[in-house]
Amino acid sequence: MEPYRVVEEAQGGRKLLVPYRGARLLAHPIYNKGTAFTPEERVAFGLDGLLPSAVGTIDRQAVRAHESIRRKEDPLEKYIGLSALQDRNETLFYRVLLDHIEELLPIVYTPTVGRACQRYSHIYRRGRGLWITPEHAGRIDQVLGNAPFDDVRLLVVTDNERILGLGDLGAGGMGIPIGKLAIYTAAAGIHPTRTLPLSFDVGTDNQALLDDPLYIGYRQRRLRGPAYDALLDELVHAIRRRFPRALVQWEDFKKGNAFRVLDRHRATLPSFNDDIEGTAAVALAGMLTGARITGIPLTQQRIVILGAGAAGVGIARLIRAELERAGLAGPALTAAIACLDSGGLLVDDRRIDDEHKREFTWPADLARAHGLADGPRDLAAVVSALRPTALLGTSGEPGTFPEPIIRAMAAATRRPVIMPMSNPSDLSEARPADVITWTDGRALLGTGSPFHPVPFGNRTIRIGQANNAFIFPGVGLGALVSEARQITQTMFLAAAERLAAEVDAHDLAAGCLFPSVAHLRRVTVAVAASVARAARDAGVAARPLDDAAIPAAIAAAMWEPSYLPMEPA
Ligand SMILES: O=C([O-])CC(=O)C(=O)O
Ligand SMILES: [Mg+2]
């Protein structure tokens, strides 16, 4: 493994120590500057003649790289082009990504990354990160030793079983940790050498993948039960030994494993599950912003959640925690949130085996009190009985917020909060343009995937993105600067409150629940500050920071994609 070393000079300058020369240096994406190597560096590193004459700047290179991405029409081709850039020159990749974040986030991340994961074995070019399979049992320590850099602070780990709302994509799921970490670098400034995407590739039950001759993954049915837990335990302990300062983000596990893995290792190493906890914080932020716009406090809202998977349960938990903080308790607390799975409202006269659903199951008496004793308790019946002020979707089923339901919400509430959060775009519970039409432009919308602004009357409505990308980079950055030993629920509450507070007066007036993605880096810094404070207050920070010290600590931890002068190591 290789150290990444920057030296500070007496005059305040900084230099990067580079262990490569010549063609090998040009082939290394962390050190490569392409045409921007200076004449002096070309001599010092044996690059003379290997580059064309003109000495470029990162700005000019960024224009060239962006031009070549724009020329491609198919988003998947843009994804492939950007991945190739990332594999060639990471500094330039992040410069381009940051300069065009609104345009390129939907390529590097949701929704295009979903298509890339589905096609992964067919578009694969070059490995990135680590792949751990059952064949590595007993020697995961050694495998982690092969990671290219030794001071990793952040891992995103997936077992690929529930990639976005697309299900089991086997080894193709690797696109998700890579995309999430690209956002960590772009939004939170975590240096690429400090990040490590990891695929816990324990096989797949996706028959089409198993039958595909080009499939790149571990070609077996999924490992399950004690063998899965044992392999994951070995991985977690190996991570602790190899990267003792690292935080782990669990991503896109299917519900059962998602909760078990999170609970089992929460105290072993600082870790969180983005789909359970990050998604919850973004949903809560949308609810809090909605309350700011409508003036109806959260404690007086009636909230319905469709979808009781990892995200749905996580959202219900965090909203409940916020309501408890606001003083709600007992039956009023239970009644504030109604959860539905594919069988309808969760009520205890139904057989519900899943312990996580039981946390939000209503007593039959409560359902009866709302006129939901007999007959269907599907979403239409629940909306007509409860007249909810907010409707959130994590069902993974497109079209599950149809016209009659949205119209019923709009008839009962002047400004209903409606968040179809399932990803990618094709799986959204409703399309924003429809929701806006059906509610005469009154809906307060947040969607999991990005959607274009919708013209309505004489205005254009920007659709806020209810995506955990507004949360996880700030949580990770705040946890890292405060050296949090655990990631607590209060840190997610703080993140949600801060995200809601970052929605400005202009957006509130326009009925937008979330800031523009163009402000992702600024919002991330703000969220990180609140998370660092919450970590300190929860007593989990090994480096508790005073409020006054937090901004400088965050700024010092953030990398800007620009080239440093180089010196041979
Ligand atoms: O990746 C995203 O866009 C949000 C997310 O975590 C998911 O849908 O699983
Ligand atoms: Mg996810």
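In this predicted model, N467 touches T110, V282 and G448, leaving out residues up to four places away in sequence. N467 sits in the loop that runs between strand 16 (464–465) and helix 22 (472–481). With 24 C-beta neighbours inside 10 Å, N467 counts as buried. UniProt, in an unreviewed entry, lists N467 under "binding site", together with R162 and N423.

N423, also in that UniProt list, is found in the loop between strand 12 (417–420) and helix 21 (432–438). N423 has 27 C-beta neighbours inside 10 Å and so counts as buried. Apart from neighbours within four places in sequence, the contacts of N423 are T110, P111, G114, L164, G165, G448 and S449. T110 and G448 are among these contacts of N423, and T110 and G448 are also touched by N467.

The residues around ligand 1 are T110, L164, D252, D274, D275, N423, G448, N467 and N468.

For "active site", the unreviewed UniProt entry lists Y109 and K180. Y109 has its place in the loop between helix 6 (101–108) and helix 7 (112–118), whereas K180 belongs to helix 10 (residues 175–188). Y109 is buried, with 27 other C-beta atoms within 10 Å. K180 likewise counts as buried, with 27 C-beta neighbours inside 10 Å. Setting aside residues up to four places away in sequence, Y109 touches G179, I183 and A469. With neighbours within four places again left out, K180 is in contact with V156, Q249, E251 and F472.

The view can now widen to the two domains. The domain assignment of the protein chain gives domain 1 (57–269) and domain 2 (277–475 + 486–514). Their centres, taken over C-alpha atoms, are separated by 29 Å. Where the domains meet, 18 residues of domain 1 are in contact with 17 residues of domain 2. On the side of domain 1 that touches domain 2, the elements giving two or more residues are helix 10 and helix 13 (255–265). Helix 10 provides the largest share of that side, 5 residues. The residues of this side of domain 1 divide into 11 nonpolar, 4 polar and 3 charged. Helix 10 is also the element in which K180 is found.

Finally, the protein chain as a whole holds 26 helices and 17 strands. Its radius of gyration is 24 Å, close to the 25 Å that the globule rule gives for 569 residues, so the chain is as compact as a globular protein of that length. The C-alpha trace of the protein chain spans about 80 × 60 × 50 Å along its principal axes. Of the 569 residues in the protein chain, 50% count as buried. Among contacts in the protein chain with a separation of 6 or more, 71% are accounted for by residues 24 or more positions apart.

Key. Residues numbered from 1 in each chain as written. Chains lettered and ligands numbered in written order. Predicted model: local features only at pLDDT ≥ 70, side-chain atom pairs only at ≥ 80, totals over all residues. Near = placed C-beta within 6 Å. UniProt positions renumbered as here; feature names shortened; annotations may be inferred. Helix = DSSP H or I, 4+ residues; strand = E, 2+ residues; numbered from the N terminus. Buried ≥ 20, exposed ≤ 12 C-beta atoms within 10 Å, placed from the backbone. Contact = placed C-beta atoms within 7 Å. Rg over C-alpha atoms; globule rule 2.2 N^0.38 Å. Domains from an automatic or database assignment. Nonpolar A, V, L, I, M, F, W, Y, C, P; charged D, E, K, R; others polar.
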